[in-house]
Amino acid sequence: MAFHAAAPAFPGLASGTRLRSNDAASLRMFPTRRPTLAALPTCCPIRRLPGCIKAVSGNSDPLETSDSSLIVCFGEMLIDFVPTVSGLSLAEAPAFKKAPGGAPANVAVGIARLGGSSAFIGKVGDDEFGYMLANILKENNVNNQGMRFDPGARTALAFVTLRSDGEREFMFYRNPSADMLLEVAELDLDIITKAKIFHYGSISLITEPCKSAHIAAAKAAKEAGVLLSYDPNLRLPLWPSAESARDGILSIWDTADIIKISEEEISFLTKGEDPYDDAVVRKLFHPNLKLLLVTEGPNGCRYYSKDFSGRVSGLKVEQVDTTGAGDAFVAGILSQLASDVSLLQDEQWLRETLKFANACGALTVMERGAIPALPTREAVLSALVNMVA
């Protein structure tokens, strides 16, 4: 049975919008003769000095510290509560650790930790948690100029755990939460249209007015020649039904240039087909897609482009909490892609980059929480060197 994604969400846009002329080799971070990632210089120190902050607030120019490799992440930012004891259900957990989270925000911080340039656009409550999250972005060198505060809704909360049977369990408090209430008029389009990559998920598509804001932001990015990166990040409890989730996720499928999905999401989107069958995965590959990535947890990832496909092994580590691992992986690949889009056509270089991204995900599961566990570039390169040794 052939798989057909829903119609594009941006009617009137030409398919395969061309990138700006400066997206090619002139922006490469590394020499044309590319070394292995383990040999690359570290550009993000483990300890950050006071005052060394890219993020801005107030009336400052939001792009004054950014560069031509800016990655803008759009969507939700919230507080994750993670059990202090592993392997228990939410009901069995004796206590919880408060940790900043939300997939798009995790990716933004992950990119900054790796030495990249990132910004976050979304909405939080005009409350203590909201201001805490804004400060966390700033402290982690993420541009937070596009963040908005809602006086009438609280910052979202989520309780998340990995049970002993390997199943993840979620409980959300967002009825509605501030992230659901971002409006089109509140978008900072200047940041969006000057980005190299615009990254988003599907949770921002669930309700209005955030759905319209999401579509408007992605449309503006597409028209400006920005690469669109999509991680559906399926959270069924947040959708009215499984069918609405499937339709919502696929409604913007054909507009993305890069898509990252999990094995479970493949099964969900194809209504139960085998996620390990390349023919099934290829059904999800639309004509304008440049790269489709399938994450497989500790087993690494698969990659699919128009010209090649393959698998890259992951790192075996002691798992404590899987929250944010996929977001760390996305940060790893996007941080490299923003500096050199030509890796999309170079399979050998892409494989090296995916080794780096796999290591980002592996290191994240070794600590509790998402943002607190995201690794620095130095830590990832060290892990890769030790793995080879």
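Is glutamate 223 buried, partly exposed or exposed? Glutamate 223 is partly exposed, at 47% relative accessibility. Here buried means under 20% relative accessible area, exposed over 50%, and partly exposed in between (1.4 Å probe, protein chains only).

1. Ground rules. This is a predicted model: local features need pLDDT of at least 70, side-chain atom pairs count only at pLDDT 80 or more, and totals for chains, interfaces and linings use all residues. Residues are numbered from 1 along each chain as its sequence is written, and side-chain values use heavy atoms, with hydrogens and water left out.

2. A bridge within a helix. Glutamate 223 pairs with lysine 219 in a salt bridge, with the closest N and O atoms 2.6 Å apart. A salt bridge is a side-chain nitrogen of Lys or Arg within 4 Å of a carboxyl oxygen of Asp or Glu. Both residues sit in helix H4 (residues 210-223), 4 residues apart, about one turn of the helix. Helices (H or I, at least four residues) and strands (E, at least two) are DSSP runs, numbered from the N terminus. Lysine 219 is partly exposed too, at 31%.

3. A network. Asp278, Glu296, Arg302 and Arg311 are linked by salt bridges. Glutamate 296 meets arginine 302 at 2.6 Å, N to O. Glutamate 296 is buried, at 5%, and arginine 302 is buried, at 2%. Glutamate 296 also bridges to arginine 311, with closest N and O atoms 2.4 Å apart. That pair links distant parts of the chain, 15 residues apart: glutamate 296 is in the loop between strands E11 (291-295) and E12 (301-304), and arginine 311 is in strand E13 (residues 309-312). Arginine 311 is partly exposed, at 42%.

4. Helix H2. Gly130, Leu133, Ala134, Ile136 and Leu137 are buried in H2. Seen down the axis of H2, the buried residues fall within an arc of 155 degrees (directions from the helix axis to the C-beta atoms), so they line one face of the helix. On the other side, Glu128 and Glu139 are exposed. After H2 comes asparagine 141, with a positive phi near 65 degrees.

5. The cores. A nonpolar core is a set of buried Ala, Val, Leu, Ile, Met, Phe, Trp, Tyr and Cys residues joined through side-chain atoms within 4.5 Å. The largest has 58 residues; Met77, Leu334, Leu337 and Leu354 have the most contacts inside it. Helix H9 (residues 347-364) gives the most to this core, with 9 residues. Apart from it lies another core of 45 residues, including Val72 and Phe74.
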